[in-house]
Amino acid sequence: MASPSKREETLKEPPSPSSPRPGISWPVNRPPDSGPWTPRLDAALRAREASTIQQNTPALVSKDLYPSGKRSLSGIALRAFLLGSVLGLSICATALLLYYKQHLWRAPFFVAALCVFHFLEFWTTAEYNTPTATIAAFLFTNGKRYRQAHTVALIETTITSLFFPDWQSRVNPPAVIALGLVMMLVGQSVRSVAMAQAGTNFNHQVQSKRNEGHELVTTGLYKHFRHPSYFGFFWWGLGTQVVLGNAASLVGYAGVLWYFFSTRIRHEEKHLVEFFGDQYVDYRARTSVWIPFISYSDLVKSSEFGK
């Protein structure tokens with residue numbers, strides 16, 4: 001028999017390179033001349049395969065993930081980067097101003113606190129309530145009044161720090177600042193833990209229809225707090241103004257937040273009674289909101305609220 005020609009030999013497929021993880025490490029579209037297995041080659045082929053799959057079946061990639069989508073990966077990355085950058089600069093500015101004993105440290109401190117709050121809103125949602133982890137979960141678009149309140153608070157603390165430092169020292173001594181920090185820490189911790197414990201049952205928007213799988217959470221913090229996320233934000237917000245020494249904004253925050261949460265709780269609990277019936281009525285009777293002057297009796301007496 002004649003030996004095969006050199007042309008015939010070149011047409012033969014070379015032996016498949018060996019892989020330490022057969023069936024896993026090699027993509028299905030592996031070219032026959034890819035050579036022996038290496039981690040770098042494995043990663044390159046996997047990237048090529050993923051690219052091929054995405055191009056051939058674009059429906060597998062949700063449009064929400066693209067730049068204009070509500071879950072835009074680039075949008076989320078940009079916001080996280082900016083939050084981290086502003087947080088780092090604010091911490092440095094706060095530390096520097098404290099070192100030189102300047103009252104103006106309160107302004108960058110407030111900005112840093114806002115960065116932490118908005119980051120935790122998204123991170124907690126993404127970690128424990130992934131289906132609703134959209135760009136809106138950062139809560140940057142939390143309403144015009146929300147932005148106005150923080151802007152006024154920042155302006156007030158800047159003006160008092162620059163032009164009335166002696167007055168600020170009298171109304172905002174270290175003991176009061178410490179109290180405000182404790183209020184902020186407790187409020188932020190309770191809110192974040194409550195969001196984690198509620199999981200997919202938590203939503204930033206009041207729901208008028210019961211979603212599939214929606215359950216009444218009565219364990220953890222919810223065993224003692226009927227609306228722990230509201231409790232957390234209320235006391236965190238007041239704590240920021242105590243730390244800043246903002247007398248006017250403290251009164252404004254207290255009034256606006258109390259009205260907002262009392263109205264929201266009445267509206268939300270009306271739907272919760274519709275969703276869960278006597279189960280929620282009993283739960284409501286044995287728990288408290290822990291926000292001053294928002295009590296169970298006030299809610300059941302409301303004309304909007306009733307069984």
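Q: How many helices and strands are there in the protein chain?

A: Happy to start there. This is a predicted model, and its protein chain has 11 helices and 0 strands. Reading from the N terminus, the order of elements is simply α-α-α-α-α-α-α-α-α-α-α.

Q: What percentage of the residues of the protein chain count as buried?

A: Of the 307 residues, 37% count as buried. As for contacts in the chain with a separation of 6 or more, 65% of them come from residues 24 or more positions apart.

Q: At what angle do helix α3 and helix α4 pack, and how far apart are their axes?

A: The general idea comes first: two packed helices are described by the angle between their axes and the distance between the axes. Here α3 (residues 73–99) and α4 (residues 106–128) pack at about 150°, with axes 8 Å apart. That angle makes α3 roughly antiparallel to α4, and α3 passes α4 in a left-handed crossing.

Q: Which residues make that contact between α3 and α4?

A: On the α3 side you will find, among them, Ile76, Leu83, Val86, Leu87 and Ile91. The α4 side includes Phe109, Val111, Val116, Phe119 and Phe122. By class, the residues of this contact divide into 15 nonpolar, 3 polar and no charged.

Q: How do the axes of α4 and α5 cross?

A: They come within 9 Å of each other and cross at roughly 155°, which makes α4 roughly antiparallel to α5. Contributors from α4 include Arg106, Phe110, Leu114 and Phe117, while α5 brings, among others, Tyr146, His150, Leu154 and Thr158. This contact has 8 nonpolar, 5 polar and 1 charged residues.

Q: Is threonine 134 buried or exposed?

A: The cut-off for buried is under 20% relative accessible area. Threonine 134 has 14% relative accessibility, so it counts as buried. Threonine 134 sits in the loop between α4 and α5 (144–163). Leaving aside residues up to four places away in sequence, threonine 134 touches Lys70, Arg71 and Phe122.

Q: Which residues of helix α10 are buried?

A: An α-helix has 3.6 residues a turn, so residues three or four places apart point the same way. In α10 (residues 278–285), the buried residues are Tyr280, Val281, Tyr283 and Arg284. Viewed down the axis of α10, they fall within an arc of 165°, so they line one face of the helix.

Definitions and conventions: Residues numbered from 1 in each chain as written. Predicted model: local features only at pLDDT ≥ 70, side-chain atom pairs only at ≥ 80, totals over all residues. Heavy atoms only, no water. Axes fitted to C-alpha atoms, helices over the stretch in contact; angles between N-to-C directions. Helix = DSSP H or I, 4+ residues; strand = E, 2+ residues; numbered from the N terminus. Parallel < 35°, antiparallel > 145°, perpendicular 65-115°, else oblique. Left-handed = near helix turned anticlockwise from the far one by under 90°. Contact = heavy atoms within 4.5 Å. Nonpolar A, V, L, I, M, F, W, Y, C, P; charged D, E, K, R; others polar. Buried < 20%, exposed > 50% of the residue type's maximum accessible area, 1.4 Å probe, protein only. Arc of directions from axis to C-beta.
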